[in-house]
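Here is a short briefing for a first look. Keep the sequence and the 3D view open as you read.

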Amino acid sequence: MGRVRYATRNIIFGLGGSVITMLAHFVLRKVFINELDKVLLGVETMYTDILTVLSLAELGVGTAVNYSLYGPVARGEREKIKSYMLLYKKAYRAIAIAIGVAGVLLVPFLPMILKNPGNITVGQLRLYYLIFLFNTVSTYFVAYKYSLTNAEQKNYIQTNVNTVTKLISYACQTAALLVLPNFLLYLLIQAGVELLQKIFVSWYLNRRYPILREKDVEPLSRAENDDVVKKVKALMLHRIGDMARLQTDSIIIGAFVGTLQAGMMSNYKLFISSVTNYVNVVLNAVISSFGNLIATEGEERQFQLFKVYRFFAIWIYGFSAVGFFLLLTPLIVLYAGQDWVLPASIVTWYLIDYFFKGERIVLSNFKTAAGVFEQDKYLTLVQGIVNLVISLALVGKIGMAGVYIGTVISGLIANITKPVIIYQVCFHRSAESYFKDSFKYLAVIAIALAILWPLQNALMPKVTIAGFAAMVVIITVVFNGIFLAAFGRSEEFRYLYRMVAERIKK
């Protein structure tokens, strides 16, 4: 099966799974909001981000080994695959222990991190946290096995397992909240379902890949081991910087503004992440295909597909960013009520970062597939420091908006520097054309927003379901009409059109 067919299968299963789980999650969140204390939503949000920070111990081991597997898997080098998987297994077990120890050491400090937790006792806060910690630590005993399916470009296997698990968990949690609205029961159901999933996945992948059970494994050569270590060291700095930039916002908000506000923001993130996950299924599904492409084909072909990949991402992220800017707050009103609405300044800064993050995902995904980790290893560290300094300086003065201003400014550093690195290292050419295209894309998106904004004010003076539905249609037609008028004759669009037309014919 070729790269396009694998990518197509990954996209189809990924999109289907995202839609199904998104709808189930919306129902669960609505029941959560209706049945439980509002502060508990903030507790769940903050614990998720705290455990993500603790997962810093992974330090990019998975990314480095996944990249190293592309070549051996493509060439069918069985013994080499076994050697990399043994290294991966040992590393992830050590990581699980490290996260577990660090997580337990953090328990006494939880009351200092969560500001204004309402009626929740310290004992309850600690118990809830330990359940989250167990879920995170246990993942590392199984997750490494997925690297084989992903290296084979069969990401859909992991997608399908996660989709089924989430559906079962969401359904059981929703039913439990309706019968007995108890946050502890809610968490125990999630932990139980995910534990059963991990047991099943371990058994299934062991049967699918018998080499995972073989004991006669030759260790990697000194050069190969040093290459992995070299990449991990570079990725370590990436992970530290990403953590400081991406995973600290909710923690800062919870500690300096309030746990309730962190929970309110999580509703906005729910809708945004649902769309982001849906889009990223497509963008992430081709990482393994890019890895195979880079291992087997020439630079010019890589450059052509990179431009198409970027064009598609800008189109989707531009469309969704404009739609969110106009309709996200009305959607929160319809979904949760006026009491859950945040000031427009906070939402605006968050959405600015959302759009530019779309470009960064394209750059990061291609870098990962190409194994370009060292050239910008200090960049994310600088971004993380900039984000923390600005966010902490502004949160006391202007509140939550200050936190997201720090996120935007630190993110733009990568939007400027990463294209230069990729164009030099991967394509051996100037990035001038990249930035020219960026200005074109931004100008067209700005024109679309300038046309749609007054239309929204005229057609939806009050938030109603009918007005909301009408604006969805108008935004879809107007934005995509303008975008196609501007770029419909471009080489990137023509390539996408041919590819989609061919797939439809088949």
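**Helix pairs and cores**

Helix H2 (residues 38-54) and helix H6 (residues 122-139) have axes that come within 10 Å and cross at roughly 45°. The model shown is predicted.

**H2 against H6**

- Two packed helices are described by the angle between their axes and the distance between the axes.
- Angles under 35 degrees count as roughly parallel, and 65 to 115 as roughly perpendicular. The crossing is at roughly 45°, so H2 and H6 are oblique to each other.
- The crossing of H2 and H6 is right-handed.
- From H2, the contact takes in Leu40, Val43, Glu44, Tyr47, Thr48, Ile50, Leu51 and Leu54. They meet Leu125, Arg126, Tyr128, Tyr129, Phe132, Leu133 and Thr136 in H6.
- By type, the residues of this H2 and H6 contact are 11 nonpolar, two polar and two charged.

**Asparagine 135 in H6**

- Helix H6 also holds asparagine 135.
- Is asparagine 135 buried or exposed? Buried means under 20% relative accessible area. Asparagine 135 has 9% relative accessibility, so it counts as buried.
- Leaving out residues up to four places away in sequence, asparagine 135 touches Gln190, Ala191, Glu194 and Lys198.

**Nonpolar cores**

- The largest nonpolar core has 115 residues. Which of them touch the most other members? They are Tyr47, Tyr129 and Phe483.
- Helix H14 (residues 299-335) supplies the largest share of this core, 14 residues.
- Tyr47 of H2 and Tyr129 of H6 also take part in the contact between those two helices.
- Phenylalanine 483 touches Phe311, Ile314, Trp315, Tyr441, Val444 and Gly488, with residues up to four places away in sequence not counted.
- Another core, of 13 residues, lies apart from the largest one. Among its members are Ala313, Phe366, Tyr423 and Cys426.

**H11 against H16**

- The axes of helix H11 (residues 249-256) and helix H16 (residues 379-398) come within 11 Å. They cross at roughly 25°.
- That angle makes H11 roughly parallel to H16.
- H11 and H16 cross in a right-handed sense.
- On the H11 side, Asp249, Ile252 and Phe256 make the contact. Their partners in H16 are Asn387, Leu388, Ser391, Leu392 and Val395.
- The residues of this H11 and H16 contact divide into five nonpolar, two polar and one charged.

Definitions and conventions: Residues are numbered from 1 along each chain as its sequence is written. This is a predicted model: local features need pLDDT of at least 70, side-chain atom pairs count only at pLDDT 80 or more; totals for chains, interfaces and linings use all residues. Side-chain values use heavy atoms; hydrogens and water are left out. Axes are lines fitted to C-alpha atoms, for helices over the stretch in contact, and angles run from 0 to 180 degrees between N-to-C directions. Helices (H or I, at least four residues) and strands (E, at least two) are DSSP runs, numbered from the N terminus. Angles under 35 degrees count as roughly parallel, over 145 as roughly antiparallel, 65 to 115 as roughly perpendicular and the rest as oblique. A crossing is left-handed if the near helix is turned anticlockwise from the far one by less than a right angle, and right-handed if clockwise. Contact means heavy atoms within 4.5 Å. Ala, Val, Leu, Ile, Met, Phe, Trp, Tyr, Cys and Pro count as nonpolar, Asp, Glu, Lys and Arg as charged, and the others, Gly among them, as polar. A nonpolar core is a set of buried Ala, Val, Leu, Ile, Met, Phe, Trp, Tyr and Cys residues joined through side-chain atoms within 4.5 Å. Buried means under 20% relative accessible area, exposed over 50%, partly exposed in between (1.4 Å probe, protein chains only).
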